[in-house]
Amino acid sequence: MGDVKLHPSWLEPLRSEFDDPYMQALRSFLVAEKAAGKHIFPKSSNWFRALDLTPLENVRVVILGQDPYHGENQAHGLCFSVQPGVRTPPSLVNIYKELESDLGIPPARHGFLEHWAEQGVLLLNAVLTVQMGMAASHQGRGWERFTDAVIRLINARPEPVVFMLWGSYAQKKAAFVDSVDKGGRHLVLKAVHPSPLSAYGGFFGCGHFSKANAFLKAHGQKPIDWRLPDLS
């Protein structure tokens, strides 16, 4: 898949996916799009950035997004996160509001979430590329099957993980997760999407950040430090 970087903990168990015809077809599609002069976000070295920053054995929390941001200089491979110097998007503003309400953490002055990823928060989009200015333009090309395989790997691990599923898309995508409420081992937290269109319908007040940390501590794991360091 081009000049990608992928941590060995993911590359080995996912090797069969990369060898599968659907991934070859996806690669051909992306090569053709680039050859046609279309701008694709994020840059190819960041397509697998979420997996590279959060090795499989380090995953403690999974947050699922849908598509990368399609504006200039926004996407860098982590769902909900934007590159330094870019205005914090509305959904992330609402995530920060809930974080402050839940844990008393003041909103960060930026939208760069790599500090979370480095602690074991997998910030995974269902689709890993997009054409500039065209939301959902790469849906149905194969990425969804690949990211389903990623979620299955996490689900199969013996260590308990917290899944934060915001919105119906994320909830449907991870519906097969072996959740505690079904007698399984993973904590599945559900709420509406933090988008301004829906956040007041149940995202605000969901308490997912404190619930995640309480679950991790109860299972002998280190809680997530949700505070984001200043970039200056």
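1. Helices (H or I, at least four residues) and strands (E, at least two) are DSSP runs, numbered from the N terminus. The model is predicted: local features need pLDDT of at least 70, side-chain atom pairs count only at pLDDT 80 or more, and totals for chains, interfaces and linings use all residues. Residues are numbered from 1 along each chain as its sequence is written, and side-chain values use heavy atoms, without hydrogens and water.

2. The largest pocket holds about 480 Å³ of space. A pocket here is an open set of points on a 1 Å grid over the protein atoms alone, where a 1.4 Å probe fits, with protein on both sides within 12 Å along at least five of seven lines. Lining residues have an atom within 4 Å of a point.

3. The lining of this pocket counts 26 residues; closest to the centre are Asp67, Tyr69, Phe80, Ser91 and His193. β2 (61–65), α5 (90–103) and α8 (168–173) each supply at least two lining residues. α8 gives the most, with three.

4. Helix α3 (residues 21–35) packs on helix α7 (residues 143–156) at about 130°, axes 9 Å apart. Axes are lines fitted to C-alpha atoms over the stretch in contact, and angles run from 0 to 180 degrees between N-to-C directions.

5. Tyr22, Met23, Leu26 and Leu30 of α3 meet Trp143, Arg145 and Phe146 of α7. Contact means heavy atoms within 4.5 Å.

Notes:
Points joined across faces, edges and corners; volume = space filled by probe spheres on them.
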